[in-house]
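Here is a short walk through one protein model, residue by residue and pocket by pocket. Keep the viewer open and follow along.

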Amino acid sequence: ALPIFLHDGQTQPPVQLSEAQLITLMDQQGIGTDATIATHIKTIQDRGYVTYANGKFAPTPLGTALVAAYEELGLSQLAQPNLRAQMEMAMNDIARGTATRQQVVAAASAQYKAIL
C-alpha cells in the first residue's frame, strides 16, 4: 500500500494582474496586436469576466464560474490562451495570402468539434 500524506493549507485567491502584466502575458501567448489588445481587454471587462480597480484586474464570480464550468464539462481548452492565439495566427495567414478563409474556417471548425 502506498502511504498517504495530508498537507494542511489554504487556497489562494487568483493572481491579480496589472495592465502591463496582462499585456505582457497576452503578447507572450500571441494574443492580440498593438491595435487590438485594448479591444480584447475591454471585451473581458464588458462581458463581466474581470474588474479593474486600484491598477489590478481581478476575476469576477462570473469569470471564475465560466472557467470552472469549462473544467467541469471537460472543456478547459476553451479557457486556454493557445486557442485564441491559433485563431489570430490563422487570421494573419489569411492576411498574408498563405491561407484562405475557407481553409481557416474548416480548420477552426474541426478544432472546435474535437474539443466539443
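## E88 and its partner H40

Start with the side chains of E88 and H40, which make a polar contact at 3.0 Å. (A polar contact is a pair of N or O atoms within 3.5 Å; within protein, one must be able to donate a hydrogen and the other to accept it, and residues adjacent in sequence count only if both atoms are side-chain atoms.) This is a predicted model, and local features need pLDDT of at least 70, side-chain atom pairs count only at pLDDT 80 or more, while totals for chains, interfaces and linings use all residues. Residues are numbered from 1 along each chain as its sequence is written, and side-chain values use heavy atoms, with hydrogens and water left out.

E88 sits in helix α4, which covers residues 81-96. (Helices, H or I of at least four residues, and strands, E of at least two, are DSSP runs numbered from the N terminus.) Is E88 buried or exposed? E88 counts as buried because its relative accessibility is 12%; the cut-offs are under 20% relative accessible area for buried, over 50% for exposed and partly exposed in between, with a 1.4 Å probe and protein chains only. Skipping residues up to four places away in sequence, E88 touches G30, I31, G32 and T33 as well as H40. (Contact means heavy atoms within 4.5 Å.)

(Ala, Val, Leu, Ile, Met, Phe, Trp, Tyr, Cys and Pro count as nonpolar, Asp, Glu, Lys and Arg as charged, and the others, Gly among them, as polar.)

Now the largest pocket: its volume is about 1,500 Å³. It has 35 lining residues, and I44, Y49, V67, A79 and P81 lie nearest its centre. Which element supplies the largest share of that lining? Helix α3 does, with 6 residues. At least two residues each come from α1 (19-29), α2 (37-46), β2 (56-59), α3 (61-72), α4 and α5 (101-115). The lining splits into 23 nonpolar, 9 polar and 3 charged residues.

## The nonpolar core

The largest nonpolar core has 8 residues: L22, M26, I31, I37, I41, V50, F57 and A85. (Such a core is a set of buried Ala, Val, Leu, Ile, Met, Phe, Trp, Tyr and Cys residues joined through side-chain atoms within 4.5 Å.) The elements giving two or more residues to this core are α1 and α2.

V50, one of the core residues, has contacts with I44, Q45, F57, A58, P59 and T60, leaving aside neighbours within four places in sequence.

## T60 and G48

T60 is found in the loop between β2 and α3. At 11% relative accessibility, T60 is buried. A polar atom of the T60 side chain lies 2.4 Å from the backbone oxygen of G48. Beyond neighbours within four places in sequence, T60 is in contact with G48, Y49, V50 and T51.

G48 belongs to the loop between α2 and β1, and at 24% relative accessibility G48 counts as partly exposed.

## N54, out in a loop

N54 lies in the loop between β1 (50-53) and β2. Although N54 is not a glycine, it has a positive phi of about 55°. N54 is exposed, because its relative accessible area is 82%.

Note on methods: On a 1 Å grid over the protein atoms alone, a cavity is a set of points where a 1.4 Å probe fits but cannot get out, and a pocket is an open set with protein on both sides within 12 Å along at least five of seven lines; lining residues have an atom within 4 Å of a point. Grid points are joined across faces, edges and corners, and a volume is the space filled by probe spheres set on the points.
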